[in-house]
Amino acid sequence: MNIKALEKVSLTIRALSMDAIQKANSGHPGLPLGAAELGAVLYGELLRHDPSDPAWTDRDRFVLSAGHGSMFLYSLLHLSGYGITLEDIKTFRQIGSPCAGHPEYGMAPGIETTTGPLGQGVAMAVGMAVAESMLAARFNSPKHSVVHHYTYALAGDGCMQEGVSSETASLAGHLGLGKLIVFYDSNKISIDGGTELSFTENVAARYEAYGWQVLKGSMYDFEGIASLVAKAKAETKKPSLIVLESIIGKGAPTKQGTSGVHGSPLGAEELAAAKVALGIPSDFYVAPEATAYFEAKRAEWKKAREAWRAEFDAWSAENPDKRKEWDAFHSGKAVPAALPVFAVGDKIATRTASNKALIAEAKANANLVGGSADLQGPNAVSIPEAGIYSRATPAGRYIHFGIREFGMAAISNGIQLHGGLRAFCATFLVFADYLRPALRLSALMKQAVVYVLTHDSIFIGEDGPTHQPVEHLASLRAIPNLRVLRPADGEESAEAWAMAMERTDGPTALVLTRQNTTVFPKADPDWKNTLRTGAYVAKQVEGKADIVLLATGSEVGLALSAAAAVPGKKIRVVSMISRELFESQDAKVRDLIVPPGTRTVVCEAGSRMGWERWAKVEDILSVDRFGESGPGDKVAEHLGFTSAALAAILGR
Ligand SMILES: Cc1ncc(C[n+]2csc(CCOP(=O)(O)OP(=O)(O)O)c2C)c(N)n1
Ligand SMILES: [Mg+2]
């Protein structure tokens, strides 16, 4: 190990971070200064990667869970040759810069995921390690390991305090993810001051209790860190937590070790003093020894990747069928499934129809994996032929996430980001609130995770207001790039799964009923295509409609019956599977379905919010209060949410 060179790499991380943050007049120097040595040894000595091929499927993954320390990552991506230039670093935190405030997936090669919302990086790293173990079990042959990489994460005190890291560390310990290695930057400082203000538990003992191997060392000991990582790798049955004692902002003469260096530029005076003390001769200084060190690494990295490629080619030649499957897994495209067929009049809950479609999709797409947060039956997401994923059966595809909704969604993001797999996860719609921060990241990162959210309205009945979603559709629709689909019957549920699987640039929420719906005849003969605009005409009228009645999900059935109960008026009924998708269409498309100038009425068993664009407030039948416990139809009656009430509006 070339300690002198690694010292220069560390120095360069500090130099670039201090200057970029000072120039932007914004950012977090505490972590990059405090953990520079880990960065140097990690990118220089420990990661099996090749910056000349950032998409190499078997590269080690690194997740900077403490995303506020983004300059740590950008400095290393620059030095190791990932394509971030010095100019990019000089535009840190400016619009369009790959060096965004927090690492953003897709902004530059080498950024494995978006981080910043603390704790989720650890959780996504767990997901990546799950994906690695699944793919290894599915593809490695007795002779060849084509999937064999480690997943590393760097977490701070904040990540360790957040619940989502606990949820997922618990599951990772249970699953025995031996190739997951998390470094804990234990500097005992966060924004408000010392961690003794609120965080005095024994983190190491907690992780041991989760079933992790816990190792301890110093942030400033290159050889020590490398030998701890060797120990972590040697433990193949447990994930490892490497607790590294550190000093936040190390190198800032008066501010190091204080919360003052966590998230503000050093200031001109402190910066100048730091440069003198550290021996940094100029602005945006890159030590020539650091550059030379990484230059010399290039050949080594290339060799490692080519060795993998040779093994992959040999494996491909010996296992042509597996190779075909590998290519399908990595194509990023779903294979169309033979969806279940329903007949008009079939009575089926949309969750149940969804289960049939899920099974069909899983059959067509062997890379579809996922599960539910302990609601396999209620969410209707079992896939009997897929097998259960466990430490003993890593080729299984159904994940029992346990009652950890947020962790489940973040792990699903990690699985999806890893590549090679499609992820779905499931819970009750009302508990989408528990996973929302990860769902938001799916949308922000354009990850096509499928969220199965059942028990979608007050019609669930007896469980009462704690379990009856009211505001959830509105709140999900507010998330940009999330597609919310609320299918109305069995047929639409099957198509909704197809729409979710076709999506490549963002997540889909399938919002499904517990109660039965009845498959209705569709007036639009091309409804399956029209559905993909977000809405289609379910019931047509001759000539010009007096009223266009918009409904979603189970309320389409209610709308059809109410429309039939108002014989004096010509009422067109529209099933709007996705309001935001429909709203994103050109006016030409929308006007065909909802002609301008026609009176519109809306019916949805949820908050009115957002429907005001489509109808006058008095023409919206919605639920704008918490529900009640009681049988579903009685609750609906109690709340005045009935076919008769809708008919009364239509008849006005
Ligand atoms: C979920 C979430 N809550 C709050 C924040 C705001 N925040 C950013 S950094 C930070 C403190 C983190 O402390 P620590 O992880 O110890 O980092 P260090 O100060 O040691 O760099 C907080 C509260 C956030 N980014 N994410
Ligand atoms: Mg800290």
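**Note on the predicted model**

1. T195 is placed in the loop that runs between β5 (193–194) and α9 (203–210). The model under discussion is a predicted one. T195 counts as buried because its relative accessibility is 7%, and the cut-off for that class is under 20%. Apart from neighbours within four places in sequence, the residues in contact with T195 are D157, Q161, K188 and I189.

2. N187 and I189 are both buried.

3. Strand β1 (residues 61–64) is covered on both faces. R61 and V63 lie on one side, F62 and L64 on the other, and these four residues are all buried. β1 pairs with strand β2 (residues 151–155) in the parallel sense, over 4 bridges. Within this pairing, L64 stands opposite L154 of β2.

4. Is helix α4 (residues 70–80) mostly covered or mostly open? The helix is mostly covered, with 10 of its 11 residues buried. Among the buried residues of α4 are S70, M71, F72, L73 and Y74, and the list also includes S75, L76, L77, L79 and S80. The residue that follows α4 is G81, which has a positive phi near 95 degrees.

5. Helix α1 (residues 3–24) contains S17. S17 is buried because its relative accessible area is 0%, where under 20% is required. Not counting residues up to four places away in sequence, S17 touches P32, L33, M71, F72 and S75; of these, M71, F72 and S75 are buried residues of α4. The C-alpha atoms of S17 and G420 are separated by 34 Å, the two residues being 403 residues apart along the chain.

6. An open sheet is built from 6 strands in the order β10-β9-β11-β12-β14-β13, with parallel pairing. Its edge strands are β10 (398–400) and β13 (483–485), each of which pairs on one side only. On average, neighbouring strands of the sheet are turned by 20 degrees against each other, direction ignored. Strand β9 (residues 368–372) pairs with β10 in the parallel sense over 3 bridges, and S372 stands opposite H400 in β10.

7. Which strands does helix α17 (residues 432–444) touch as it packs on the sheet? They are β11 (422–428) and β12 (450–454), and the direction of α17 makes about 160 degrees with that of β12. Helix α19 (residues 490–502) also packs on the sheet, touching β9, β11, β12, β13 and β14 (508–511). The direction of α19 makes about 170 degrees with that of β14.

8. A remaining point concerns empty space. Rolling a probe the size of a water molecule over the atoms shows where such space is left. The largest pocket holds about 670 Å³. This pocket is lined by 31 residues, and those closest to its centre are Y105, Q416, L417, G419 and G420. Helix α16 (residues 405–418) supplies the largest share of the lining, 3 residues.

Conventions
Residues numbered from 1 in each chain as written. Chains lettered and ligands numbered in written order. Predicted model: local features only at pLDDT ≥ 70, side-chain atom pairs only at ≥ 80, totals over all residues. Heavy atoms only, no water. Buried < 20%, exposed > 50% of the residue type's maximum accessible area, 1.4 Å probe, protein only. Pairing = 2+ DSSP bridges. Helix = DSSP H or I, 4+ residues; strand = E, 2+ residues; numbered from the N terminus. Axes fitted to C-alpha atoms, helices over the stretch in contact; angles between N-to-C directions. Contact = heavy atoms within 4.5 Å. 1 Å grid on protein atoms, 1.4 Å probe; cavity = no way out; pocket = protein on both sides within 12 Å on 5 of 7 lines; lining within 4 Å. Points joined across faces, edges and corners; volume = space filled by probe spheres on them.
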